[in-house]
Amino acid sequence: MFLGVIAHGQINRFFYEYTFIPDSRNKEDVKKEMMLLDIDKNGSNYYSHDTFVADSTGKADLEKQLKSGSGSISVNKREKPGQISYKVTKQYPDFKTYLFRNISMDKYKIKEDQKPEWKILPDKQKIGEYSTQKATTGFGGREWIAWFSTDIPLQDGPYKFYGLPGLIVKIEDTTGSHRMTLVGNKTIKIPNTEKEPQLPENVKITGLFGKEIEITEDQFKKAWKAYVNDPTKNMRELMMKNGGDTNAKVAFKVKTADGKEFSDPNEVLREMEKRTKESLLKDNNPIEPDLMN
């Protein structure tokens, strides 16, 4: 059935359960996300199911508002936005790998320069219906243990991992902080490419649509460090631009967990900075420490 991966117009979709511990100081708080690895003859895409659905819903909602011609656009947070916003693409046959992720309202496309260097071991075990073999690698600041299956003759896997003689069925770092396990698969038809909503010339929704900025890992590290030091810089600049534009106005509001609402720009910025710093403190155990430190 996996020969379908090279068939025209088909995708092999593999479902991975991703369990992770965002806060190294609170190992009891284990999160889960269903991730998809879509493989066709040209390469693969790895992304969150919930994030994909939320993004698709958001685009459909935006198009509906644009078609209504009301002149007002409201962008609201989705009920299930997904916990994992990044995605990874690999291009065959050379496995050129890119990580797509956001910092604040900026979208980045980061080229991966290193490939996983594997040590294949003799250990074997059955995982689900698959006969697997063990392999290890050091990657991104972590040591990883993978189990691959030659039952599935694809040299790919979740996240940035590839290059073994079969699909990676399970991979986990040695601290137990990040684990991806194959839980199912199916063959689907390649969907029609979604077009981005066509915004009026005087309308720009920062961070939602548009092309990513292609950068190196070192450039991303610098951008991430600047964001950690000043997390509201982009929003502050957007507010300043908005304040000087008499043709279009954007209302900035933020609501606290207890229902308190702020609309004054300075109060909004203070609340956003507070929330972001609290979030960063609790999200200190990334899948690739080398990229975020």
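Two strands count as paired if DSSP finds at least two bridges between them. Helices (H or I, at least four residues) and strands (E, at least two) are themselves DSSP runs, numbered from the N terminus.

## What you're looking at

This is a predicted model, where local features need pLDDT of at least 70, side-chain atom pairs count only at pLDDT 80 or more, and totals for chains, interfaces and linings use all residues. Residues are numbered from 1 along each chain as its sequence is written, and side-chain values use heavy atoms, with hydrogens and water left out.

The chain's secondary structure comes to five helices and 14 strands. Of its 293 residues, 39% count as buried (under 20% relative accessible area; exposed is over 50%, and partly exposed is in between, with a 1.4 Å probe and protein chains only). Take contacts, meaning heavy atoms within 4.5 Å, between residues at least 6 apart in sequence: 58% of them join residues at least 24 apart.

## The sheet

Twelve strands make up an open sheet with mixed pairing, and the order is S7-S8-S9-S10-S11-S1-S2-S3-S4-S5-S6-S12. At its edges sit strand S7 (119-127) and strand S12 (213-215), each of which pairs on one side only. From one strand to the next, the twist averages 25°. For angles like this, axes are lines fitted to C-alpha atoms (for helices, over the stretch in contact), and the angles run from 0 to 180 degrees between N-to-C directions.

Strand S1 (residues 10-20) and strand S2 (residues 31-40) run antiparallel, joined by nine bridges, and Tyr-16 stands opposite Met-35 in S2. S2 then pairs with S3, again antiparallel, over six bridges, with a hairpin of two residues joining them. Here Met-35 stands opposite Ser-48 in S3. S3 and S4 are antiparallel too, over four bridges, and Tyr-46 faces Val-88 in S4.

How enclosed is strand S3? Five of the six residues of S3 (residues 43-48) are buried, so the strand is largely enclosed by the rest of the structure.

## Tyr-86 and its neighbours

Tyr-86 is in the loop between helix H1 (49-68) and strand S4 (87-91). Its relative accessibility is 8%, so Tyr-86 counts as buried. Leaving aside residues up to four places away in sequence, Tyr-86 touches Tyr-18, Tyr-46, Tyr-47, Leu-99, Phe-100, Arg-101, Tyr-159 and Ile-287. Tyr-159 is 73 residues away from Tyr-86 in sequence, yet their C-alpha atoms are 9.7 Å apart in space.

(The expected span is 1.5 Å times one less than the number of residues.) H2 lies across strand S5 (96-103), strand S6 (106-111) and S12, running at about 15° to S5.

Which residues of H2 are buried? They are Glu-217, Phe-220, Trp-224 and Tyr-227. These four cover an arc of only 80° around the axis, which puts them on the same side of H2; the arc is that of the directions from the helix axis to the C-beta atoms. On the other side of H2, Asp-218, Lys-222, Lys-225 and Asn-229 are exposed.

Tyr-227 turns up again as a contact of Thr-276, which also touches Pro-231, not counting residues up to four places away in sequence. Thr-276 lies in helix H4 (residues 265-282) and is buried, with a relative accessible area of 16%.
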